[in-house]
Amino acid sequence: MSDSSKDLLSHGLSLKIEESATHRRGRVAVFDTINARRTALLVIDMQRAWLDPGAPFETPPARQLIPKLNRLAEALRRRGGWVIWIQHTTGNRGEDGYWPLYFEHFIREADRAAVIAALKSDSPLHAVHPALQMREGDLVLPKYRFSAFVRTPHDLEGMLVSRDVDSLIVTGTATNVCVESTVRDGMMRDFRVFMPHDAVAALDPDAHLAGLRNVMQSFADVRPVDAVLALIEEGDKGTVPQGE
C-alpha cells in the first residue's frame, strides 16, 4: 500500500472508495509539482457564521482547520503565492447578491431572517474568523453562490489568469457544498486543483467523505496538508526569491 493510500485510509476513506475514485488513473496523486508563485490558496467560507458557537451555519469540525490553513497561507506567501479569502455574502431580498432560490426554498422560514442577516457584509458573523491570519496583500472576495466562480461581482478566473496562476489549493467549508462546487468549477476552467482532505470540513462525516470521493475521482488532487506543503517546499528549491 502506498503512503498516499495510507494517508487517505487514516482519514476514513476505505480502500474500496480509493479504488473507485482513482480507477481511471491508477494512483491517488494527480499532480507531482506545485509552483508556489503560480498557485492561489482559496479559503472558502471560514467566517464566524460557520465557526462561532451557535451561529446559523455552525460547523464545529471547521474550527479544527484553522492551524492548517494558517500554515498553508504562510507557506505560499513566503514563496510568492496568493492567498484569497472567499466570504459568502448576501443582501436583502431584491438587492445584489440575494439568492431567492436558495434562501426561500432550502432554508426554513423560521431561520431565514437570521441566516440572511449573518451573511450581510455589515454583520459581525460575516467576518473571517479572527484566528485566521490574514495579511496585507491577501485578497478578500465575496461570493453570492456556492461556487467562488459563479455569479460574483468580480471575475475570479480573470484575476487568477492575470496573476499567472495555474494551480489552486481549495480549502474551507463545507467539503461537499461550497468547496466541492468551487473545485469543480476551477478544474473545468483548466486550473490544476488540490483539495487537502484535512483542510476542508463538513457538518458530519458522511457529508465530508461524500465530497472527498466526488472530488477525488475527476476534479482534484486529494492528499493531506503535510503532503501539499511538501510539494510547495520541493518546488521552491533552486528558485530565486522574489525581488532578487
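Predicted model: local features only at pLDDT ≥ 70, side-chain atom pairs only at ≥ 80, totals over all residues.
Colleague: Which peptide bond is cis?

Modeller: Ala 174 is found in the loop between strand 4 (167–173) and helix 8 (175–188); helices (H or I, at least four residues) and strands (E, at least two) are DSSP runs, numbered from the N terminus. With omega near -5°, the cis bond is the one from Thr 173 to Ala 174.

Colleague: Is Arg 151, with its positive phi, buried or exposed?

Modeller: Arg 151 is not a glycine, yet its phi is about 55°. The residue sits in the loop between strand 3 (139–143) and helix 7 (156–162). Buried means under 20% relative accessible area, exposed over 50%, and partly exposed in between (1.4 Å probe, protein chains only). At a relative accessible area of 59%, Arg 151 is exposed.

Colleague: What is the relative accessibility of Asp 164?

Modeller: Asp 164 lies in the loop between helix 7 and strand 4, and its phi is also positive, near 60°, in a residue other than glycine. Asp 164 counts as partly exposed, the value being 44%.

Colleague: Which residues are linked with Asp 164 in a network of salt bridges?

Modeller: A salt bridge is a side-chain nitrogen of Lys or Arg within 4 Å of a carboxyl oxygen of Asp or Glu. Side chains of opposite charge can pair when their charged atoms come close. In the network that includes Asp 164, the other members are Arg 38 and Asp 166.

Colleague: How many salt bridges are there by this rule?

Modeller: One of them joins Arg 48 and Asp 52, whose closest N and O atoms are 2.8 Å apart. Arg 48 is partly exposed at 27% relative accessibility, while Asp 52 is buried at 14%. By this rule, the count of salt bridges is 16.

Colleague: How many residues apart in sequence are the parts tied together by Glu 157 and Arg 189?

Modeller: The side chains of Glu 157 and Arg 189 meet in a salt bridge of 3.4 Å, N to O. Glu 157 belongs to helix 7 and Arg 189 to the loop between helix 8 and strand 5 (192–194), so the parts that the pair ties together are apart in sequence by 32 residues.

Colleague: With which residue does Asp 185 form a salt bridge?

Modeller: Asp 185 counts as buried, at 15% relative accessibility. The closest N and O atoms are 3.9 Å apart, and the partner is Arg 189.

Colleague: At roughly what angle do the axes of helix 8 and helix 9 cross?

Modeller: Axes are lines fitted to C-alpha atoms, for helices over the stretch in contact, and angles run from 0 to 180 degrees between N-to-C directions. Angles under 35 degrees count as roughly parallel, over 145 as roughly antiparallel, 65 to 115 as roughly perpendicular and the rest as oblique. Helix 8 and helix 9 are therefore roughly parallel to each other. The axes of helix 8 and helix 9 (residues 205–218) come within 9 Å, and their crossing angle is roughly 10°.

Colleague: Which residues of helix 9 meet helix 8?

Modeller: Contact means heavy atoms within 4.5 Å. Helix 8 contributes Thr 175, Asn 176, Glu 180, Val 183, Arg 184 and Met 187, and the residues they meet in helix 9 are Ala 207, His 208, Gly 211, Leu 212, Asn 214, Val 215 and Ser 218.

Colleague: What is the relative accessible area of Asp 221?

Modeller: Asp 221 is placed in the loop between helix 9 and helix 10 (225–236). Beyond its neighbours within four places in sequence, Asp 221 is in contact with residues including Phe 31, Val 193 and Met 195. Asp 221 is buried, and its relative accessible area is 0%.

Colleague: What distance separates the C-alpha atoms of Thr 171 and Phe 194?

Modeller: Thr 171 is in strand 4 and counts as buried at 0% relative accessibility. Thr 171 and Phe 194 are 23 residues apart along the chain, and their C-alpha atoms are separated by 8.8 Å.

Methods: Residues numbered from 1 in each chain as written. Heavy atoms only, no water.
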